[in-house]
Amino acid sequence: MDQKRRSIWVFGDYRNYFQNRVTLQLLSRATDLAKKIEAEVCATVFGHEVDEWVGEYIAHGATKVYVCDNPGLKFYSTDTYVALMERIVRQYGPEIILVGATSFGREFTPRLAKRLKTGLTADCVGLEINGEGLLVQTAPAFGGSLLTRIVTPEKRPQMATVRPGVFQEIPHNYQATGEIVNVALPGDLPGDRVRLVSSERQPAREQKLGEAPVVVCGGRGMGSKTRFKNLFELARVLGGEVGATRPVVYAKWADEDALVGQADRHISPKVLFSFGVSGAIQHTAGIKNAGFIIAVNKNPNAAMMKMADVAIVADASQVCIALIRELKKRIRT
Ligand SMILES: Cc1cc2nc3c(=O)[nH]c(=O)nc-3n(C[C@H](O)[C@H](O)[C@H](O)COP(=O)(O)OP(=O)(O)OC[C@H]3O[C@@H](n4cnc5c(N)ncnc54)[C@H](O)[C@@H]3O)c2cc1C
């Protein structure tokens, strides 16, 4: 191993918006942990034409990025990615490896840990460094009824997958600089057992949401998934689409395609209904071009209420149900 300084690595999973968010959240946490063990924060980026992601990870705290840019890596492939990661981990010897607990992370990371003959704590909800400089990995156990704290005292690297949304990403700093280590794709990696026949992106509903003349947007103030479902009914009656805030998407009350906010999740409906949404800047960045805004919130001072044309101080769910009832009556008559 020719590594000189201790390092914490974050596997760069950038396949879509949500996977990328987890990677950014892990870079943020790695930055905090690295200070405690005087380590550097590194990211790995495998793929083809990946400069954008390298820049993004440096802007989010990575001081070094191991990049393998090759047409053969254009599509995610567990076999190839694991073999490649194993090679560079053995070469550079990171102390800790963090991976998002996404579907890919859950498939990729145990295989990597097995090959490296080290431990792995899956689905962590907390990461700390203890007095001995070891990574303390907090993860649910026994079906989530207990939280366990796990350390890997001897084997290296210490490895964890972490659930999305556990940590907050740090804001971009595009002035940040980092070292880029270009890694060649070894010619002797074992062949892939899975042959990719074709790949196409699922038609993005974001397009439809972006173009919808009416959007019914819901936030955490809707209270539950069951109550949130009423917004779909209201949108149907109005001939519109449903949008959502980030907590709602994280809670799986709505698909990630419904997310409205910064990072190009912009909508421009003629009429926007906003139910139980606080109006955080990251959300309102996506509704700047909305025409007429009707907001329902029990807090009259919520930022969303201040930017609305009509602000209704009430329970969001009750107003939604009443609107559906009234609109349906009018359609019938
Ligand atoms: C880097 C980063 C990026 C982010 N990107 C996004 C993004 O793209 N999109 C996004 O949405 N967020 C994003 N966020 C999160 C954002 O900061 C806010 O946390 C989020 O928008 C808040 O969602 P919310 O309004 O649903 O929830 P909350 O902030 O919890 O607000 C709930 C609101 O509902 C009201 N309420 C509660 N109960 C009721 C009731 N019974 N009836 C009526 N009203 C009620 C409350 O008064 C409150 O105003 C991002 C955050 C970070 C750090």
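**Ground rules.** I number residues from 1 along each chain as its sequence is written. The model is predicted, so I take local features only at pLDDT of at least 70 and side-chain atom pairs only at pLDDT 80 or more, while totals for chains, interfaces and linings use all residues.

**Whole chain.** I counted 10 helices and 15 strands in the protein chain. Both are DSSP runs numbered from the N terminus: helices are H or I with at least four residues, strands are E with at least two. The C-alpha atoms fill a box of roughly 75 × 45 × 40 Å along the principal axes. I then looked up burial. Buried residues make up 41% of the 333 residues. Buried takes 20 or more other C-beta atoms within 10 Å of a residue's own, exposed takes 12 or fewer, and partly exposed is in between, with C-beta atoms placed from the backbone.

**Sheet.** I traced an open sheet of 7 strands, in the order β5-β9-β4-β1-β2-β3-β10, with parallel pairing. Two strands pair if DSSP finds at least two bridges between them. The twist averages 20° from one strand to the next. Axes here are lines fitted to C-alpha atoms, for helices over the stretch in contact, and angles run from 0 to 180 degrees between N-to-C directions.

I zoomed in on β1 (residues 7-11) and β4 (residues 96-100). These parallel strands are joined by 3 bridges. Val-10 stands opposite Leu-98 in β4. Helix α4 (residues 103-116) lies across β4, β5 and β9 (158-162), at about 170° to β9. Contact means C-beta atoms, placed from the backbone, within 7 Å.

**Helix α6.** Next I checked α6 (residues 225-238). Its buried residues are Arg-227, Phe-228, Asn-230, Leu-231, Leu-234 and Ala-235. They share a side of α6 because they cover an arc of only 145° around the axis. That arc is of the directions from the helix axis to the C-beta atoms. Lys-225 and Thr-226, on the other side, are exposed. Just after α6, Gly-239 has a positive phi of about 70°.

**Ligand shell.** Which residues come nearest to the ligand? Of the 28 around it, I found Gly-219, Gly-221, Thr-245, Gly-261 and Ser-278 nearest. Near means a C-beta atom, placed from the backbone, within 6 Å of the molecule or strand. α7 (246-250), α8 (281-284) and β14 (292-297) each supply at least two shell residues. α7 gives the most, with 3 residues.

Definitions and conventions:
Contact = placed C-beta atoms within 7 Å.
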